[in-house]
Amino acid sequence: MAATVGDPEVDDLVELENERVAFGDNDLAVYQVEIMNSSRDSVRLEYRARWFDDDGIEIDDVTRSWRPVFVPGGSSYPVRAVARNMKAVRCVVEIRLHDPEYN
C-alpha cells in the first residue's frame, strides 16, 4: 500500500490517512484511503490509482484515468479503488490539483 500526493502544490493542502486494503468476495483487492483537507478552503482535486503485483511490476490498466473530487475545507473524502485482476496486491494513489483544461 502507498498513497502519494503527486503535486507539490497539494502537499500543503491535503494529507492521506487511514490507508487499507481488503479482499472482496471475488478475491479482488480493494484499496481505500482518506483525503484529509487540512486547509479552511475547499479544494478540487483529481486522483488515480496504480496497481502493482507481488513483484512490484505495475499492472497495465487502460481504464486508469484522473477522477475529480471536491473536498470541503477541514473535512475528509474516502477514495476507493478496486484491482482489475487477482494479481494486483498493492496500490498507489496519485493526487493533483484539478485543472479543467485537461477534462
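**Stop 1**

Select Tyr47 and Arg67: the bridge partner of Tyr47 in strand 5 is Arg67. This is a predicted model, in which local features need pLDDT of at least 70, side-chain atom pairs count only at pLDDT 80 or more, and totals for chains, interfaces and linings use all residues. Residues are numbered from 1 along each chain as its sequence is written, and side-chain values use heavy atoms, with hydrogens and water left out.

Helices (H or I, at least four residues) and strands (E, at least two) are DSSP runs, numbered from the N terminus. Two strands pair if DSSP finds at least two bridges between them.

Now select residues 67-71, which are strand 5. Strand 5 runs antiparallel to strand 4, with five bridges between them. Pick Ala49, and you will find Val93 of strand 7 opposite.

Is strand 4 largely enclosed or open? Select residues 43-52. Seven of these ten residues are buried, so strand 4 is largely enclosed by the rest of the structure. Buried means under 20% relative accessible area, exposed over 50%, and partly exposed in between (1.4 Å probe, protein chains only).

**Stop 2: Salt bridges**

How many salt bridges does the structure hold? There are six. A salt bridge is a side-chain nitrogen of Lys or Arg within 4 Å of a carboxyl oxygen of Asp or Glu.

Show the side chains of Glu46 and Arg96. They meet in a salt bridge at 2.6 Å, N to O. Glu46 sits in strand 4 and Arg96 in strand 7, so this pair ties together parts that are 50 residues apart in sequence. Glu46 has 1% relative accessibility and counts as buried.

Next, show Arg48 and Glu94. Their side chains form a salt bridge, again given as 2.6 Å from N to O. Arg48 belongs to strand 4 and Glu94 to strand 7, so the pair ties together parts that are 46 residues apart in sequence. Arg48 counts as partly exposed at 22% relative accessibility. Glu94 counts as buried at 15%.

Move to Arg84 and Asp61. The closest N and O atoms of this salt bridge are 3.1 Å apart. Arg84 is in the loop between strand 6 and strand 7, and Asp61 is in the loop between strand 4 and strand 5; the pair links distant parts of the chain, 23 residues apart. Arg84 is partly exposed at 48% relative accessibility. Asp61 is partly exposed too, at 23%.

Finish this stop by selecting Arg48, Arg50, Glu58, Arg64 and Glu94 together: salt bridges that share partners join these residues into one network.

**Stop 3: Ile59**

Select Ile59. You are in the loop between strand 4 and strand 5. Is Ile59 buried or exposed? Ile59 has a relative accessible area of 16%, so it is buried.

Contact means heavy atoms within 4.5 Å. Leaving aside neighbours within four places in sequence, Ile59 is in contact with Trp51, Phe52, Asp53, Asn85, Lys87 and Ala88. Then draw a line from Ile59 to Ser38. The two are 21 residues apart in sequence and 32 Å apart in space, C-alpha to C-alpha.

**Stop 4**

Turn to the open sheet of three strands, ordered 2-3-6 with antiparallel pairing. Its edge strands are strand 2 (14-23) and strand 6 (76-82), each pairing on one side only. Select residues 29-37 for strand 3, which pairs with strand 2 over eight bridges. Within that pairing, Tyr31 in strand 3 is the bridge partner of Val21.

**Stop 5: Zoom out**

Colour by secondary structure. From the N terminus on, the elements run β-α-β-β-β-β-β-β.

Show the C-alpha atoms alone. Along the principal axes they fill a box of roughly 40 × 30 × 20 Å. Of the 103 residues, 32% are buried. Among contacts with a separation of 6 or more, residues 24 or more positions apart account for 66%.
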